[in-house]
Amino acid sequence: MSSKQYFGTDGIRGRANSFPMTAEVAMKVGMAAGLSFQRGSHRHRVVIGKDTRLSGYMIENAMVAGFCAAGMDVFLLGPVPTPAVAMLSRSLRADIGVMISASHNPYYDNGIKLFGPDGYKLSDEIETRIEGMLDKDLSRQLANSEGLGRAKRIDGVHDRYIEFAKRTLPRSMSLAGMRIVIDCANGAAYKVAPAALWELGAEVFAIHDEPNGFNINDGCGSTAPQSLCEKVREVRADIGIALDGDADRMIIVDQNGEIVDGDQIMAVIAESWHQAGRLAGGGVVATVMSNLGLERHLGTLGLALHRTKVGDRYVVEHMRAQGFNLGGEQSGHIVLSDFATTGDGLVAALQVLACIKRSNRPASEVCRKFEPVPQVLKNVRFNGGRPLESEPVRAMIEEARQRLGTAGRLVIRPSGTEPLIRVMAEGDDPSLVETVVDDIVGAIGNIKTAA
């Protein structure tokens, strides 16, 4: 169990107007983060972006009060993708960046993601330091009357991010002749993503691009791409792109309306960059959940797959430490560190579009690099205790590993947000994979029943 009360695996997140996502906590985060990033005598500044949730207004204004009280000037960006906040934190020379978003969660949740002046998410150490300040009286450390910060809205933010995204492609690259459906998830990229694609020459069909505060991720976006699949087939598009609420992840739909996940997208970009001599580190960084088929495919290219714990921050940490420039998650977080410090759905999509354009082949051919190994994931709920430390469960897990042997993989991990154990197995024999997952789930269930 983490000792943190506020911060989770990706900032602070929860139901809006309930602890910890209250105006009071948001103001205290502004104060604590503002005091933590005082670096010398210059005029300190923070950039704050948000997605399209109704509660964004409340959280934003509370954080403005906290940062101004700490003596920081606040630049308000309005609704922009998370990677835009990371990028602008660096280009505007801010001391800290804030994204108010709960990513792919429903509208009634919200969250606070913090970025350092280098555009990277904060380390566990800095989060722990900020967390330690949240329940303390900070009044003696705050700015005096003449040292308070100012807040203002920044114009031209969308144009800056669109130009940044376009520059990730060669100047000669045009998307002219391509019919593209873009699902904006009624989220943060509802303006910038369609505009960038159109400016690059594509014929663009934007869907779920009319946010109203309540419809973010509601039956749309990367976690619910069914309507995108239908629209691609309806307008006979060459490709469909689905972003999530804060546009740091995406998945693709080919011209037949078939979904292409993050593992296939990483394979497409890895092969392209490897052939161009620009892939760093000799491989790709992904998590333990990525399909064994991706690992085998990269192996045929002489490339390695390095695995981390689940979470894009762990992927980024490994990439930085080991010198990789491509990493991501099966869910569609794709990190291209030549361009960005965090996952960027639009930039990753542009790389795939460039591969399709260069090859002059349909998306269904370009984006199917390997046949996924049969994979089964099941969740089992438990009521307290440590079921994975039970002797019968441990014995069943060991037996499953032996049965799968070298032709399969087994990943068992507790959820970071719910009392669930996630049991995932994959291998060449689908019936064996199903059986070992059911056996382990059953063993955990027996412990729960016995308790």
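Here is a short chat about how some labels in this predicted model were reached.

Modeller: Before you ask, this is a predicted model, where local features need pLDDT of at least 70, side-chain atom pairs count only at pLDDT 80 or more, and totals for chains, interfaces and linings use all residues. Residues are numbered from 1 along each chain as its sequence is written, and side-chain values use heavy atoms, with hydrogens and water left out.

Colleague: Why is Tyr-57 called exposed?

Modeller: Exposed means over 50% relative accessible area, buried means under 20%, and partly exposed is in between (1.4 Å probe, protein chains only). Tyr-57 has 53% relative accessibility, so it counts as exposed. You'll find Tyr-57 in helix H2 (residues 56–69); helices are DSSP runs of H or I with at least four residues, strands are E runs of at least two, and both are numbered from the N terminus.

Colleague: And why does Gly-327 count as buried?

Modeller: Its relative accessibility is 0%, so Gly-327 counts as buried. Gly-327 belongs to strand E14 (residues 326–328).

Colleague: What is Gly-327 in contact with?

Modeller: Contact means heavy atoms within 4.5 Å. Setting aside neighbours within four places in sequence, the partners of Gly-327 include Met-266, Val-284, His-333 and Val-335.

Colleague: What makes H11 largely enclosed by the rest of the structure?

Modeller: Count the buried residues: 12 of the 15 in H11 are buried, so the rest of the structure largely encloses this helix. Among them are Leu-346, Val-347, Cys-355 and Ile-356.

Colleague: How do you know what span is expected for H11?

Modeller: The rule is 1.5 Å times one less than the number of residues. H11 (residues 345–359) has 15 residues, which gives an expected 21 Å, and its first and last C-alpha atoms are 22 Å apart, close to that value.

Colleague: What is found at the start of H11, and what follows it?

Modeller: At the start, a side-chain oxygen of Asp-344 comes to within 3.2 Å of the backbone nitrogen of Leu-346. After H11 comes Asn-360, with a positive phi near 60°.

Colleague: What makes the Arg-153 and Glu-60 pair a polar contact?

Modeller: A polar contact is a pair of N or O atoms within 3.5 Å; within protein, one must be able to donate a hydrogen and the other to accept it, and residues adjacent in sequence count only if both atoms are side-chain atoms. The side chains of Arg-153 and Glu-60 are joined at 3.1 Å, a polar contact. Arg-153 sits in strand E6 (residues 151–153).
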